[in-house]
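Keep the viewer open and try each task before reading on.

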Amino acid sequence: MSTLDQQINAIKEIYSEIKKSGAKIQPVIVGKFALTVYTQGMYPANIISFLYPDLQLITKVLKELGYQQMGDFWTRGDIVVEISKKFELIPTGSFNQIEVDGQIINVVSLEDLLVDMMNECIAGDETVCELIKMLIKSYLPVLDFHHIYSNLKNKQAVIKFKQYRKEAEG
């Protein structure tokens, strides 16, 4: 079984346990694992990052499933889980629901992922800049650029996004 298959099974297992607890909401996948989802495994992440407001519940679930806490991470075998603390995404962010083997999984929206990635790009990470260009080109017809522009806090980021969009349309 591939690492990606193991990670997807771990996500499904965590979702199942949270559902069994009676919780009405499920975690949202964020960060590099969201990139893995949107690139269909082309850029694998070694860490599954979840955003979930009920830290007590997700901590309890991870412990019950045999994960061991190591600093900010939870590990079980080759699976590493991180509980993101980017709570600012909860009121303003959006997420997509994807179906994996009959189970619905929440993933941060591509637009919010791109906004997050742009911070690294303008800080000088050219690899991330190239990934942003590739994602914009791949998803151009469905991207909500108004959402992207309204969530960018940096004028330089807006200029760069407009440049990348123009290149993709060009």
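**Exercise 1. In what order do the seven strands of the open sheet lie, and what is the pairing?**

Before we start, note that this is a predicted model, where local features need pLDDT of at least 70, side-chain atom pairs count only at pLDDT 80 or more, and totals for chains, interfaces and linings use all residues. Residues are numbered from 1 along each chain as its sequence is written, and side-chain values use heavy atoms, with hydrogens and water left out.

Step 1: Helices (H or I, at least four residues) and strands (E, at least two) are DSSP runs, numbered from the N terminus. Two strands pair if DSSP finds at least two bridges between them.

Step 2: Read off the order. The seven strands run 3-4-5-2-1-7-6 across an open sheet, and their pairing is mixed.

Step 3: Look at the edges. Strand 3 (68-70) and strand 6 (95-100) are the edge strands, each pairing on one side only.

**Exercise 2. Is Ser84 buried or exposed?**

Step 1: Locate Ser84, which is in strand 5.

Step 2: Compare its area with the cut-offs: buried means under 20% relative accessible area, exposed over 50%, partly exposed in between (1.4 Å probe, protein chains only). Ser84 has a relative accessible area of 8%, so Ser84 is buried.

Step 3: List its contacts, where contact means heavy atoms within 4.5 Å. Leaving aside neighbours within four places in sequence, Ser84 touches Val30, Phe50 and Leu51.

Step 4: Turn to strand 2, where Ile48 and Phe50 point one way, Ser49 and Leu51 point the other way, and all are buried.

**Exercise 3. How do helix 1 (residues 3-20) and helix 3 cross?**

Step 1: Take the angle. Axes are lines fitted to C-alpha atoms, for helices over the stretch in contact, and angles run from 0 to 180 degrees between N-to-C directions. The two axes come within 10 Å and cross at roughly 120°.

Step 2: Classify it. Angles under 35 degrees count as roughly parallel, over 145 as roughly antiparallel, 65 to 115 as roughly perpendicular and the rest as oblique. Helix 1 and helix 3 are therefore oblique to each other.

Step 3: Name the residues. Ile14, Glu17 and Ile18 of helix 1 meet Leu57, Ile58, Val61 and Leu62 of helix 3.

Step 4: Sort them by class. Ala, Val, Leu, Ile, Met, Phe, Trp, Tyr, Cys and Pro count as nonpolar, Asp, Glu, Lys and Arg as charged, and the others, Gly among them, as polar. The contact of helix 1 with helix 3 has six nonpolar, no polar and one charged residues.
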